[in-house]
Amino acid sequence: MLDKKIAKLLNEQVNKEFYSAYLYLDFANYYADEGLDGFSNWYQVQAQEERDHAMMMRRYLIDNGVPVKFDAIAKPDKTFASANDPLLAGLEHEQYVTSLINTIYAAAFEQKDFKTMQFLDWFIKEQGEEEKNAEDLVKKMKMFGHDAKGLYSLNQELAARVYTASANAPAM
Ligand code: FEO
């Protein structure tokens, strides 16, 4: 059985990961509407990964005897003035998610809940990668996104992203 505070934080994080999936699908919708199908694909794959994160946390709670409660998922409320805006919003969102994971990790450390710390190790690493991916997208857009040819190439590159279940990830 997990400590009540840890269980509550993890259950809240399940909701936040589902929200991340919803948010990134909203980005995918925006890009689809703009005719940038590669960008749309990239965020659709990202949304799938976010759903996986929610499912991993749900599984961890269930496997530790915690009844999982679902809450309403907030409406994505961002508006975009340019194709660059979702990329910046995505980076900001990942930095926020890193802070949430760190908060749960710190609470587990305080409780000497080594099992949860070990579970969260994967997420700590994953957040590092996700922030880097988001930063790379922002940088690439800055360098190549300002002319039609560059934007076309970048869109092609992002169209190639395919979903694969993460190796060594916690069970779902
Ligand atoms: Fe689930 Fe993008 O962090």
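This note sets out some points on helix packing, a pocket and aromatic pairs.

1. The model is predicted, so that local features need pLDDT of at least 70 and side-chain atom pairs count only at pLDDT 80 or more, while totals for chains, interfaces and linings use all residues. Residues are numbered from 1 along each chain as its sequence is written, and side-chain values use heavy atoms, with hydrogens and water left out.

2. Helix α2 (residues 37-63) packs against helix α5 (residues 148-159) at an angle of about 35°, and their axes are 7 Å apart. Helices here are DSSP runs of H or I with at least four residues, numbered from the N terminus; axes are lines fitted to C-alpha atoms over the stretch in contact, with angles from 0 to 180 degrees between N-to-C directions.

3. On the α2 side, the contact (heavy atoms within 4.5 Å) is made by Asp-37, Gly-38, Phe-39, Asn-41 and Trp-42. Helix α5 contributes Leu-151, Leu-154, Asn-155, Leu-158 and Ala-159.

4. The largest pocket holds about 160 Å³ of space. A pocket is an open set of points on a 1 Å grid over the protein atoms alone, where a 1.4 Å probe fits, with protein on both sides within 12 Å along at least five of seven lines; lining residues have an atom within 4 Å of a point. The lining includes Ser-82, Leu-88, Met-141, Lys-142 and Leu-151, and helix α4 (residues 114-144) gives the most to this lining, with three residues.

5. There are 13 aromatic pairs, counted where ring centres of Phe, Tyr or Trp (its six-membered ring) lie within 6.5 Å; planes over 60 degrees apart count as edge-to-face. Tyr-24 and Phe-27 form an edge-to-face pair, because their ring centres are 5.4 Å apart and their planes stand at 70°.

Notes
Helices (H or I, at least four residues) and strands (E, at least two) are DSSP runs, numbered from the N terminus. Grid points are joined across faces, edges and corners, and a volume is the space filled by probe spheres set on the points. Rings of Phe, Tyr and Trp (its six-membered ring) pair if their centres lie within 6.5 Å; planes under 30 degrees apart count as stacked, over 60 as edge-to-face and the rest as tilted.
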